[in-house]
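Please look over the sequence and the model below before reading on. The paragraphs after them take the parts in turn.

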Amino acid sequence: MNNQAREYIDKTIEKVKTQNPFELEFHQAVTEVLNSLKPLLESEPKYITNNIFERIVIPERTIIFRVCWMDDNSTMQTNTGYRVQFNSAVGIYKGGLRLHPSVNLGIMKFLGFEQIFKNALTGLNIGGAKGGSDFNPKGKSDGEILRFCQSFMNELYRHIGATRDVPAGDIGVGAREIGYLFGQYKRLTANFDGVLTGKGLEWGGSLVRKEATGYGSVYFARSVLASVGKEIKGMRCCVSGSGNVALYTIQKLQSLGAIVIACSDSKGTIYNEHGLDFNTLIELKELNDMELKEYAKIHTKSVYTPTKDYAPNSRHIWSIACDLAFPSATQNELNLNDAKNLVANGAILVNEGANMPTTLDATEYLINNGVLFAPAKAANAGGVATSQLEMAQNSSMTRWSFEEVDKKLLEISNNIYTIAYDTAKEFGYEGNLIIGANIAGFRRVADAMITQGI
Ligand code: NDP
């Protein structure tokens with residue numbers, strides 16, 4: 001059985017690479033998930049006999065469409081839009097929309113694939129999907145963002161619905177973009193329903209959704225630390241990024257007594273050994289979309305390092321000595337060099353806030369060197385879980401208080417930790433949350449697929 005499982009995994013990974021050439025991030029996500037499922041395949045041959053791997057690595061539906069919009073100079077611009085509806089075995093398609101120039105089909109598929117298992121881990125009835133466009137929102141006027149969002153929705157609306165597919169935000173998509181998308185959906189369908197999450201609080205949004213991914217990430221880190229008898233209080237933390245996930249990770253860490261000494265954006269890194277000021281960060285990044293270098297002009301004892309001064313092949317933030325690292329910006333932002341720096345400087349935990357921020361060799365190095373590792377699909381699942389809480393409030397036409405939603409988020413985060421920990425232990429890998437999270441998420445989806453027939 002050992003050989004059969006190994007051969008089945010290798011054969012599927014090879015096939016994915018051959019059938020999806022150039023989609024490197026997708027290969028990476030599939031390799032990571034399938035390799036970690038070996039202990040399950042060895043004890044449960046039904047996943048091989050039912051050919052689940054061959055099915056699960058192909059999206060149920062991939063929609064690729066043209067998005068034309070008029071810029072402020074009345075010149076027509078064209079982008080590509082995507083929605084990858086990957087797997088609906090355990091529920092309605094759910095996953096964010098990303099607007100970033102790096103978006104391509106491979107990135108959409110890696111994100112959608114990860115989303116399947118993340119959503120399954122929450123224990124809620126949500127399937128996996130992801131979407132977005134190579135549109136770059138940076139430097140665009142409000143009118144240009146509006147016209148892009150309307151054009152994007154002109155095609156997307158026919159593929160989504162409150163009981164079919166409910167997109168949310170991701171990189172480049174916040175409350176403003178969700179508002180423009182929702183407005184156009186309503187205009188096209190004449191329906192006011194919960195077709196998107198991350199909505200404004202006055203028109204169906206949920207309290208805590210904005211904070212949920214960051215808060216959930218910290219709740220998860222707290223569980224991991226508790227398992228080795230440590231707590232967040234007093235820990236020095238580096239949080240990469242300064243977007244939605246990073247900012248609310250910083251806020252929750254500070255409220256629990258941690259000292260957040262560094263964060264970053266796509267242009268540079270800010271560092272202050274005594275801790276960063278959350279209100280200034282919100283003012284600069286969330287409210288005014290400014291660059292982090294402005295922070296050093298306000299807090300003059302802070303040190304700003306622009307990307308051009310980073311050491312070759314590394315991110316400056318991971319060379320700063322810290323106890324806890326929260327990669328919360330984007331994929332593959334923590335490589336082997338960065339992992340070596342973290343280990344050399346005594347980091348005890350890497351807690352993934354972003355999706356797949358750590359490269360495969362960096363992950364292996366961290367684990368082999370005794371660093372606790374919280375994988376994204378478990379650590380950042382609080383965002384999608386709270387999206388589902390928004391859907392539940394919309395469909396029952398109720399509204400829960402901040403405390404109520406936060407309590408549910410905490411419970412879900414704790415449950416995800418428990419299921420990942422217990423599953424790893426069940427297969428003899430106690431403490432390996434990658435194996436635990438992947439097996440637990442996969443098993444739920446695969447069993448549903450088998451039950452529902454082909
Ligand atoms: P935002 O767009 O709000 O913020 C992204 C941040 O990362 C920004 O500070 C941005 O810099 C920085 N960044 C983006 N790309 C790069 C890059 N190539 N190099 C360096 N820095 C970069 O996105 P979110 O905070 O929503 O998402 C961050 C991560 O978390 C993503 O991986 C996303 O998929 C994941 N995630 C998000 C969830 C959510 O609820 N929002 C839920 C689960 C996962 P700058 O400010 O200069 O643009």
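What follows goes from domains to helix packing and then to charged pairs.

This is a predicted model. The domain assignment gives domain 1 as residues 3-56, domain 2 as 61-192 and domain 3 as 212-374.

Take domain 1 and domain 3 as a pair. Their centres, taken over C-alpha atoms, lie 32 Å apart. The two do touch: five residues of domain 1 are in contact with six residues of domain 3. How much area do domain 1 and domain 3 bury between them? The figure is about 400 Å², and 67% of it is on carbon and sulfur atoms. On the side of domain 1, three residues stand out. Glu-25, Gln-28 and Glu-32 supply 85% of the area that domain 1 buries against domain 3, more than any other three residues.

Now turn to the helices. Helix α2 spans residues 24-36. It packs against α6 at an angle of about 25°, and the two axes are 7 Å apart. An angle under 35 degrees counts as roughly parallel, so α2 is roughly parallel to α6. From α2 come Glu-25, Phe-26, Ala-29, Val-30, Glu-32 and Val-33. They meet Gly-106, Ile-107, Lys-109, Phe-110, Phe-113, Glu-114 and Phe-117 in α6. By class, this contact of α2 with α6 holds eight nonpolar, one polar and four charged residues.

Helix α6, residues 105-121, has another partner in α18, residues 433-451. Here the angle is about 90° and the axes are 8 Å apart. That makes α6 roughly perpendicular to α18. Which residues of α6 meet α18? They are Ile-116, Phe-117, Asn-119, Ala-120 and Leu-121. Facing them in α18 are Ala-437, Ala-440, Gly-441, Phe-442, Arg-444 and Val-445. The contact of α6 with α18 has eight nonpolar, two polar and one charged residues.

Last come the charged pairs. Side chains of opposite charge can pair when their charged atoms come close. The count for this model comes to 23 salt bridges. One of them joins Lys-15 to Glu-54, with the closest N and O atoms 3.7 Å apart. Lys-15 lies in helix α1 and Glu-54 in helix α5, so the pair ties together parts that are 39 residues apart in sequence.

Methods: Residues are numbered from 1 along each chain as its sequence is written. This is a predicted model: local features need pLDDT of at least 70, side-chain atom pairs count only at pLDDT 80 or more; totals for chains, interfaces and linings use all residues. Side-chain values use heavy atoms; hydrogens and water are left out. Axes are lines fitted to C-alpha atoms, for helices over the stretch in contact, and angles run from 0 to 180 degrees between N-to-C directions. Helices (H or I, at least four residues) and strands (E, at least two) are DSSP runs, numbered from the N terminus. Angles under 35 degrees count as roughly parallel, over 145 as roughly antiparallel, 65 to 115 as roughly perpendicular and the rest as oblique. Contact means heavy atoms within 4.5 Å. Ala, Val, Leu, Ile, Met, Phe, Trp, Tyr, Cys and Pro count as nonpolar, Asp, Glu, Lys and Arg as charged, and the others, Gly among them, as polar. Domain bounds come from an automatic or database domain assignment. Buried area is the accessible area (1.4 Å probe) that two parts lose on being put together, summed over both. A salt bridge is a side-chain nitrogen of Lys or Arg within 4 Å of a carboxyl oxygen of Asp or Glu.
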